[in-house]
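Here are some notes for your first read-through. Keep the structure open as you go.

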Amino acid sequence: MTDGKNEKDPENRPVSDLPGVGPKKTEVFRRHGILTMGDLLRNYPVRYEDRTHVTPIGECRPGDAVLLEADVLSRRYSGYRYGGKSPLTLLLGDGSGNIEVVFFQGSYISQYFHVGKTYIFYGKISENRGKLQMIHPEFHIPGDKNDLRGFVPVYKQIPGISEKEIRSLTQRALEIVPDPKEWLPEEILDQYHLMPAREVVRKIHSPSALVETEEARKRLIFEQLLTLETAVLLLRSNREGEDGIRIRTESSEIFRSGLPFSFTSGQEHAWKEIAGDLDSNRAMNRLIQGDVGSGKTILAETAIYCAAESGCQSVFMAPTELLAKQHFKTLRNDFSRFGFHMDLLTGNLNKKERDSVLERLKTGETDLIVGTHAVLQPDVVFHNLGLVITDEQHRFGVSQRRTLREKGRNPNVMVMTATPIPRTLAVVLYGDLDISVIDSMPAGRKTILTYIVTPRKREGAMGFLRKQMQEGHQIYIVCPLIEESESIDAKSAEEEYDEIKERFPEFRTAVLYGSMKQDEKDQIMERFAAGEIDLLVSTVVIEVGIDVPNATVMVIENCERFGLSQMHQLRGRVGRGDAQSYCLLMLHSAEEQAVARAKTLKSSSDGFAIAEADLRLRGPGEIFGTRQHGLPENIFSEIQQNPEIVRSAKEAAAAVLERDPLLQESGHAFLRRRVRELFHGDIKLD
C-alpha cells in the first residue's frame, strides 16, 4: 500500500528544478516544508491585493498602498552600474501631482528607467519632509509580461525569498503542473458541490476576479477539515475497545469537604463530566478549558486524590521547570493532610536524586509525580499509572499525550488550558478530546481594573507605579521586543529597563527575556516571587508564569503590537492576591483596530468573549500563538463565517472511514498520506 506519492508525477518534481532555485533557496524552501512543485502549489496566498485601479498621484495619502501609472520626469543617480548601494531617485508625474520614488541600491536597476517614459508602480505611500514618496516599489513597463495589474496573490513571508520571487516561481510551477491530480473521491465532490483540484490551483493563484477565489477557498478549507476530522475519528477509533483504568470518585467528597470553599457552578459541571469518565471503564481523554483563576487546578487535585485512593499513580506535567516547581509546592501543601508521597522530576536533578525518584516511582511508593518533559523519558517507569494531567495544553501535542499514555495501561488523560478558545474552534483543534468548560469564576475575586494610557498620560501612569511600589506591591512591565529595532516602532525590554532604572533608582528592578539561559530566567522569577524584585521588565516570556500574589500592576507597552487574547493572558498574571490589581495598556497608535482591541480589553474580563473578538479583529494566530497540527491560519476565520463546513467535513470523514476504516483503497491514498503528515505518525493505519 503506497501513500499516494508517485515519483514520476510532476507534482513530486523538486522545487530545485525551477529556474533560479539553487541550493540556498532549496534549503530555505525545505525549512518551510516546501520540497516539491506540489508543496509550492499548496503554499496558498494569505490575501490578495487589488491592483486593478490606477490611483492619481494627487489622490495619494501616506499609508496607502496604490498602483500608479506615471512618467519619469527626472532621474538622479550618482553611482556606477556596479557601484554598490548608491541610491536611485526618480521624480514621477501624471498630471495630477508628483511623487518621488527611491531605490536604495540603485546600481542594479538604474539602466531600466529613462526620462520621458511611462511606467507602472505599486507600493506604499510615505511622506518625507512634506513630500510624497514611495520606497522600493514593484514596477514594470505597461503591457509587458510582468504587468502588475489585476488581483495579485500575497503569500506568507519566507525570509530569503522575496514576495515577487514566490509569485513568479508559483506561476512557473503552474506551468509544470497544469493538471494537479484530484484526490477527493468523486462522490464527495458531487455531494458537497466542491471545485475540482485542477480549477482550484488556477483560481487560487491566478484569479481574474476575487469572487473566483471564494469557491476555491471553500474547497481548500473543506479538504483541510476533512483531513483533520478523518484523523480525529481514527484517533478515537484507535482507542476504542481498549479498557481504561477505572478510578472510583465517591471518595472525592472527603477531599472536597476539607476545602475552605465550595465549587463554583462551572467547576461543579466540569467535575461531573470528569467523574463520569473516571467511574467508567472508558479511559478519560478530556480538555478542561477555563479562564485564569477559574479553578482548574482544584479539579485536577480532586481527580488525583481519587486516583490515589483507588491505588493508582498520577503524573502532573507542566511546560517549564518553574511552573513544575510551583505546582509541586501547591500540591504538596494541599495533600499534606493525606500522607501522599510526591516527587518532583525535572531535567536539573543530579543522577543520584533522579535515580532515587525513578526507583520510588517504579515500586509504587510515589503516588504523584510532578514534572516537565523529563517525565517523557524512556527510563521513567510507573508501577500503576492511572491519571495523566498536563497543564497549558497548547504546549503539548498528541505525540506527548500518547507517550504518557503508553507508560500505563491506557490511563485517564486530563489536559488543561487557560487560553480561551471559542467552542467551535476548540472542537476543530482538539477534536480527539472531550471538552469541559469552566464558565464561572470564584465568588469574591476582584476584577482587574484596566486603563488605556496614551503618551500624554504616561507621566501620570509612572507616578501611579511609584505609589504602588511605595505601598509594597510589585509590578510587571511587558514589552514586545528584546532589543531596539530600526524597522519596528516599538519599545524594547532593554530600552524600557534603562528608562525604569533611571526613573526609579530607589526600587529593585530586573529585566527578563526568552533568550536568557533557563537557570538565569528561573532565578529572576524566583527572586520576583520571593519579593526581592519590585519591578520586572520582560518580554512575553512571563505569559505563562508563576503565581506572584503581591504583583498588582501589569503594564503592557505598545499594546497595539499584541493580540487581545495574548493581552488577556498577560493581565491574568496579576490579581492573584487580596489587593486590587490593575492593567495599564500603553497605546502608542491611533489606528482604528488597535484602539478597538484596547477598548475591548478595558471593557471585558470574559476570556471567551475576548477570544471571539480577537478572531474578528485580528485572526486566529493571536489565540493559538503558533499553527496547530499544520493547519493554515485562515481556516478558523473561514469556520467562523461558514460553520456548516465543519458538519459537512465530519459527515464526509465518517462516510470515508465506514467504507475504508484504514484508508487502504487506492482512491484514499493521498488522504492517508495527509493524515499521517498531520499527526506525524501518531495514528495507527496498519
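**Notes on sheets and helices**

1. Start with one residue pair. Valine 478 has serine 538 in E19 as its bridge partner. The strands involved are E17 (residues 474-478) and E19 (residues 535-538), which pair in the parallel sense over 4 bridges. Keep in mind that this is a predicted model.

2. Now widen the view. An open sheet is formed by 6 strands, in the order E16-E21-E20-E17-E19-E18, with parallel pairing. Its edge strands are E16 (449-453) and E18 (509-512), and each of them pairs on one side only. On average, neighbouring strands of this sheet are turned by 15° against each other, direction ignored.

3. Next, a helix on these strands. H17 (residues 564-571) lies across E16, E17, E20 (551-556) and E21 (582-586). H17 runs at about 155° to E20.

4. Strands pair through backbone hydrogen bonds, either parallel or antiparallel. Look at E6 (residues 131-135) for both. E6 runs parallel to E4 (residues 98-103), joined by 3 bridges. E6 runs antiparallel to E5 (residues 118-128), joined by 4 bridges. Valine 101 stands opposite methionine 134 in E6, and glutamate 127 stands opposite leucine 132 in E6.

5. Check the hairpin of E5 and E6. There are 2 residues between the strands, and arginine 129 takes a positive phi near 55°.

6. Last, a helix pair. The axes of H14 (residues 458-470) and H15 (residues 493-503) come within 12 Å and cross at roughly 65°. The crossing is right-handed. Arg458, Glu459, Met462 and Arg466 in H14 meet Glu496, Glu499, Ile500 and Arg503 in H15. What kinds of residue make up this contact? It has 2 nonpolar, no polar and 6 charged residues.

Key. Residues numbered from 1 in each chain as written. Predicted model: local features only at pLDDT ≥ 70, side-chain atom pairs only at ≥ 80, totals over all residues. Heavy atoms only, no water. Axes fitted to C-alpha atoms, helices over the stretch in contact; angles between N-to-C directions. Left-handed = near helix turned anticlockwise from the far one by under 90°. Contact = heavy atoms within 4.5 Å. Nonpolar A, V, L, I, M, F, W, Y, C, P; charged D, E, K, R; others polar. Pairing = 2+ DSSP bridges.
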